[in-house]
Amino acid sequence: MSFFSIPFIILGLFVLISSFFIVKQQTAAIIERFGRYTSIRQSGLQMKIPLVDRVAGRLSLKIQQLDVIIETKTLDDVFVRLKVSVQYKVIKDKVYDAFYKLDYPHDQITSYVFDVVRAEVPKMKLDDVFVRKDDIAIAVKSELNDAMIEYGYDIIKTLVTDIDPDAQVKEAMNRINASEREKIAAQFEGDAQRILIVEKAKAEAESKRLQGQGIADQRREIARGLEESVEVLNRVGINSQEASALIVVTQHYDTLQSLGEETNSNLILLPNAPQAGSNMLNDMVASFAASNQIGEAMKEAKKKDNK
């Protein structure tokens, strides 16, 4: 082997090696011959004619995601920023269209997303944008599928991943929410106070009823005791008027005794002279006698009228 043959051998090895190439999994390679499309090669070890064929480009067949941020205005004149995530992939049977018909697929998808979102969101109020974000995503996916299928792209899914109103609008919404919650809390507190008042009134009414029943029972027992006292005094020759007066006087002195036992009492009982008891007894006996005479006179008069 001569020295001059070494460069040719190296060149031959280089040409031989350059005729082989590897395509990764989930990737498609586009082969051109003198600038003209020849074939599409899938994953694995592939061969091409050296110096004639070339790999013009490679397209990933994996699902890819493009995030698009759009600022638009709602029906109630609120500016809002939406983040739309588009998941797409190159259709395996349409690698040619995806490579040759469209230079910048990201820009094309972004333009369609802007167009659809700015057509749909201005029809909705801000609250509806949050509630109907899935409807926005479905509209974007439908529009993109119809447009991008021609270029060899399949839109897998579109998601509205973020809705961000203006900072002042968010602050106002938070204030409205807080005010609504304070209103509900005040209503619950009012209901609780009303229940307490009603229950307290019921308890007081029950207490008054029981107190009145106790007073009535007390007076009934006092009357029964007075009746028994009068009967006992009548047995020893004291008539009913004198017995009644004696009982009243006895209660008078019992009251004085009770007041005397209270050291810090400021109550004054009138009259409280030493002769007050005897005067009270005489006055009561006289009044009872006078009332009996008046009663007898009225009975006689009634009998005469009946005759």
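Reply: The model is a predicted one. In it, the axes of helix α3 (residues 105-120) and helix α5 (residues 133-148) come within 9 Å and cross at roughly 140°.

Me: Which residues in α3 and α5 meet?

Reply: From α3 they are Q108, I109, Y112, V113, V116, V117 and E120. Their partners in α5 are I136, A139, V140, E143, L144, A147 and M148. By class, this contact of α3 with α5 has 11 nonpolar residues, one polar and two charged.

Me: What makes D53 buried or exposed?

Reply: D53 has a relative accessible area of 5%. Buried means under 20%, so D53 is buried. D53 lies in strand β5 (residues 53-60).

Me: How do you know that the side chain of D53 makes a polar contact with the side chain of R33?

Reply: The distance given for the two side chains is 2.5 Å. The cut-off for a pair of N or O atoms is within 3.5 Å, so the D53 and R33 side chains meet the distance condition. Leaving aside neighbours within four places in sequence, D53 is in contact with I31, E32, R33 and K48.

Me: What makes V95 buried or exposed?

Reply: The relative accessibility of V95 is 1%. The limit for buried is under 20%, so V95 counts as buried. V95 lies in helix α2 (residues 95-100). Not counting residues up to four places away in sequence, V95 touches A28, I30, I40, L59, L61 and V90.

Me: What is the phi of Q26, and what is the phi of F34?

Reply: Most residues other than glycine have a negative phi. Q26 is not a glycine, yet its phi is positive, at about 60°. F34 is likewise a residue other than glycine, with a positive phi near 55°.

Me: What makes P122 partly exposed?

Reply: P122 has a relative accessible area of 30%. That value lies between 20% and 50%, so P122 is partly exposed. P122 lies in the loop between α3 and α4 (126-131). The C-alpha atoms of P122 and T74 are separated by 4.3 Å, although these residues are 48 apart along the chain. P122 touches T72, K73, T74, L75 and V117, not counting residues up to four places away in sequence.

Me: How many helices and strands are in the chain, and what share of its residues is buried?

Reply: There are eight helices and eight strands. Of the 307 residues, 22% are buried. Among contacts between residues at least 6 apart in sequence, 63% join residues at least 24 apart.

Definitions and conventions:
Residues are numbered from 1 along each chain as its sequence is written. This is a predicted model: local features need pLDDT of at least 70, side-chain atom pairs count only at pLDDT 80 or more; totals for chains, interfaces and linings use all residues. Side-chain values use heavy atoms; hydrogens and water are left out. Axes are lines fitted to C-alpha atoms, for helices over the stretch in contact, and angles run from 0 to 180 degrees between N-to-C directions. Helices (H or I, at least four residues) and strands (E, at least two) are DSSP runs, numbered from the N terminus. Contact means heavy atoms within 4.5 Å. Ala, Val, Leu, Ile, Met, Phe, Trp, Tyr, Cys and Pro count as nonpolar, Asp, Glu, Lys and Arg as charged, and the others, Gly among them, as polar. Buried means under 20% relative accessible area, exposed over 50%, partly exposed in between (1.4 Å probe, protein chains only). A polar contact is a pair of N or O atoms within 3.5 Å; within protein, one must be able to donate a hydrogen and the other to accept it, and residues adjacent in sequence count only if both atoms are side-chain atoms.
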